[in-house]
Amino acid sequence: MSSEVVALDPAVGLTSAQVAERVAAGQVNAVKDRNSRSLGDIFRANTFTYFNALIGALWVLMLVSAPFIDSLFGFVIVINTAIGVVQEYRAARTLAKLSLVGQQQALVRRDGADVEIRPNEIVLGEVIVIRTGDQMLVDSEVLDSVGLELDESLLTGEADPVPKEVGAEVLSGSFVVSGSGLLVATRVGRDSYAARLADEASKFSLTRSELRDSIQRFIKYVSYALVPVAIFLFVSQYKANDGNIRAAIAGTVPGVITMVPEGLVLLTSIAMAVSVVRLAQKRALVQDMPAVEVLARVDVVCVDKTGTLTEPGMSVHQVVVLDDALPVNDALGALGASERDPNQTLAAVANQYHAPRDWRVVATVPFSSSRKWSSASFAAHGSWVLGAPEMLLPDGDAVRSRADGLAAGGARVLLLARSAGEPDPAAGPGDLRPAALVVIDQTLRVDARDTVAYFLEQDVRIKVISGDNAVTVGAIAAQAGIPGADTPYDARELPEDRDALADVLEEHSVFGRVTPAQKRAMVGALQSRGHVVAMTGDGVNDVLALKDADLGIAMGSGAGATRAVAQIVLLDDTFSVMPSVVAEGRRVLGNIERVSDLFLTKSFYAMALSVATVVLVLPFPFLNRHLTIVTALTIGIPAFFLALMPNTQRFMPGFFRRVLKFAVPAGLITAVASYATYGYVLAITDAADGVPDARSAAVVTLFVVAWWVLVQVARPWTPLRLGICAAMLVGFLGVLYVPWLSTLFDLSWRPDKVGLVALGVGVLGAVAISVVHALAGHGSPGPRGGGPVAVVAG
């Protein structure tokens with residue numbers, strides 16, 4: 001540390017001139033947010049992809065080898081990419097604006113005054129004021145400590161609080177669990193410990209996305225098949241077209257292009273981005289995009305009582321004096337004024353009782369979620385303790401029974417006691433003389449009961465996990481309508497074995513006196529039984545559980561450390577927005593699975609058609625323009641509508657298996673039906689002159705079967721979904737019967753022998769699709785209605 005930093009006056013901090021010097025020297029905490037994305041980042045991610053490179057190369061080949069109409073697919077990819085960039089950039093801008101609102105601010109001392117600044121404005125040598133719940137934003141050294149304890153588990157994995165005295169090193173990424181203090185910044189920006197860890201990606205990872213993983217896995221498999229199929233198909237087309245290279249290219253590209261599920265990747269990105277914007281409109285900040293997916297899979301929501309089920313803020317309702325000889329009112333007033341940064345409970349006491357002038361603080365033990373008590377020692381007035389009765393008094397004590405009776409109405413009850421000695425965080429509060437019971441009012445949120453009812457209707461179980469008295473928690477949970485509230489469980493009796501703990505969690509729903517370590521263990525136990533767990537919280541005692549949960553949801557007014565580890569932040573602290581958040585996740589996942597059936601069916605029928613063409617050494621059964629129009633009308637355009645419609649189905653594991661169970665046989669049926677028509681027409685006509693007629697007939701069969709796949713995937717049918725399917729049918733009829741379109745796409749249909757065979761084979765294929773759909777168990781439920789969209793894709 002520089003001599004200038006050592007000589008710094010903590011009471012004054014840096015001057016404005018010193019700050020300006022450090023900013024000019026680049027000694028500022030400028031670390032790029034890993035989750036932020038610039039327009040350039042988004043453009044590169046959507047443009048420079050493996051499939052875009054492949055399709056771009058094939059587009060160039062088609063431009064020089066075939067009529068321009070057969071190169072339309074290239075423009076569709078350009079449009080798709082542009083749509084993806086615009087939607088993701090819109091989401092990124094929305095998130096950036098909300099992030100400024102939800103971001104933890106740093107309280108620093110400059111020119112003798114405490115001011116709030118953004119984390120990236122902290123400079124080297126900054127004096128930082130820290131309080132309970134704050135996350136360390138830079139590496140620093142302790143200048144002043146008042147019972148300061150930090151949790152470094154996000155860095156070291158060790159969950160025990162670490163006391164920090166003057167001169168101790170503090171690493172960025174840790175957070176305050178108790179006490180307060182002053183720090184001086186010693187390393188900022190990319191030199192800080194957390195920044196180096198982030199670069200190494202050794203501690204912080206993104207939410208796992210089964211959807212993303214499954215799509216990437218399928219893309220990998222298609223990539224493996226693409227090159228050899230393309231080579232064999234080109235050789236086949238070269239032979240079938242008597243060595244004409246241009247004709248061989250024109251026959252190869254349609255099969256290769258159609259195998260690529262490029263629209264699925266695009267739609268997934270767009271659906272996620274649209275969801276982020278929709279959630280942002282509800283003041284829910286998504287800090288990790290795949291969190292939208294996890295929302296759909298959640299089947300257990302763990303909630304804290306205070307600030308989640310109850311309204312923020314507390315007030316003293318009643319004080320039951322137990323010992324008239326003790327100065328209860330003065331002691332409460334003095335305790336309320338003893339801490340720089342009191343928690344909500346102590347703040348409620350301070351608001352009710354004024355501090356006496358002659359009570360001078362000589363020592364304090366700040367409140368800790370693990371201890372559940374705080375204390376202060378006063379010159380000439382002794383030591384006083386305020387905390388949970390069951391943590392301070394032995395079992396069977398009459399005062400504890402009285403406290404439980406007061407807590408039965410849902411109030412928080414604290415014991416005020418005088419200590420015979422000086423309380424110590426390690427040794428305990430000492431021998432206590434009960435002075436009074438303090439009853440703190442907590443009010444159930446007006447929307448809590450309706451929110452709970454929604455979750456129960458959706459088969460989502462609710463676990464109330466609170467540090468409060470179990471009787472108090474049970475009373476509040478009963479008001480909210482949570483099942484099992486009549487049998488609250490005291491967490492001090494929880495087993496340590498994970499399996500035994502999981503058994504208790506399966507039987508009980510309401511838990512009181514839960515420590516931060518137990519909250520974390522409970523999340524792990526639920527996950528061990530196959531549950532997908534969402535954890536909501538606002539306090540520093542929730543950080544570890546939020547980090548381990550499948551989905552961490554923090555309140556916007558909560559501790560900075562809580563907001564930092566959560567994937568979603570409810571900026572308005574409104575628990576009632578949770579149903580909308582969960583519904584958004586289900587909409588995305590249910591609909592992406594729905595459209596995946598369409599895209600992967602296309603990939604499989606393209607692969608099967610290519611293999612059949614290689615084996616039979618025939619001209620490819622479709623021109624590129626044929627597949628462009630068919631895939632646009634049966635997949636591209638309707639998929640955008642379907643991807644953005646409401647869907648309430650809870651997403652279940654096994655996405656990849658379920659989609660393949662339908663897409664593989666559906667693709668094979670589509671290919672067999674199309675090729676049967678193509679082969680039949682070639683067989684009854686002159687092989688050379690009959691290719692155009694055979695292709696036209698095969699397109700009709702292909703459309704009928706592929707359109708029926710769309711109709712099945714659109715279940716459950718609603719007027720809007722059936723309207724979309726009908727519009728696509730009308731569009732294809734327009735291509736067949738509007739003269740200039742029929743000529744442009746080289747298609748026609750007449751009710752002659754060939755036309756009726758093409759239609760009949762298509763109908764038989766559609767019947768087979770219905771059977772496959774039923775056997776695959778695809779009946780994607782969802783509510784009536786849909787969302788607007790105005791895009792075109794192929």
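A salt bridge here is a side-chain nitrogen of Lys or Arg within 4 Å of a carboxyl oxygen of Asp or Glu. By that rule the count comes to 25 salt bridges. Now the ground rules. This is a predicted model: local features need pLDDT of at least 70, side-chain atom pairs count only at pLDDT 80 or more, and totals for chains, interfaces and linings use all residues. Residues are numbered from 1 along each chain as its sequence is written, and side-chain values use heavy atoms, with hydrogens and water left out.

Start with Arg109 and Asp114. Their side chains meet in a salt bridge, 2.7 Å from N to O. Arg109 is buried at 16% relative accessibility; Asp114 is partly exposed at 39%. The cut-offs: buried is under 20% relative accessible area, exposed over 50%, partly exposed in between, with a 1.4 Å probe and protein chains only.

Next, Arg400 with Asp395. The closest N and O atoms are 2.6 Å apart. Arg400 is buried at 13%, and Asp395 is exposed at 67%.

Then Glu506 and Arg461, at 2.9 Å. Glu506 lies in helix 19 and Arg461 in strand 16, so this pair ties together parts 45 residues apart in sequence. Helices (H or I, at least four residues) and strands (E, at least two) are DSSP runs, numbered from the N terminus.

Strand 16 comes up again at helix 17. What covers the buried residues of helix 17 includes strand 16 and helix 23, where contact means heavy atoms within 4.5 Å. Those buried residues are Ala448, Thr451, Val452, Tyr454 and Phe455. On the other side, Asp450 and Glu457 are exposed. Just after helix 17, Asp459 takes a positive phi of about 60°.
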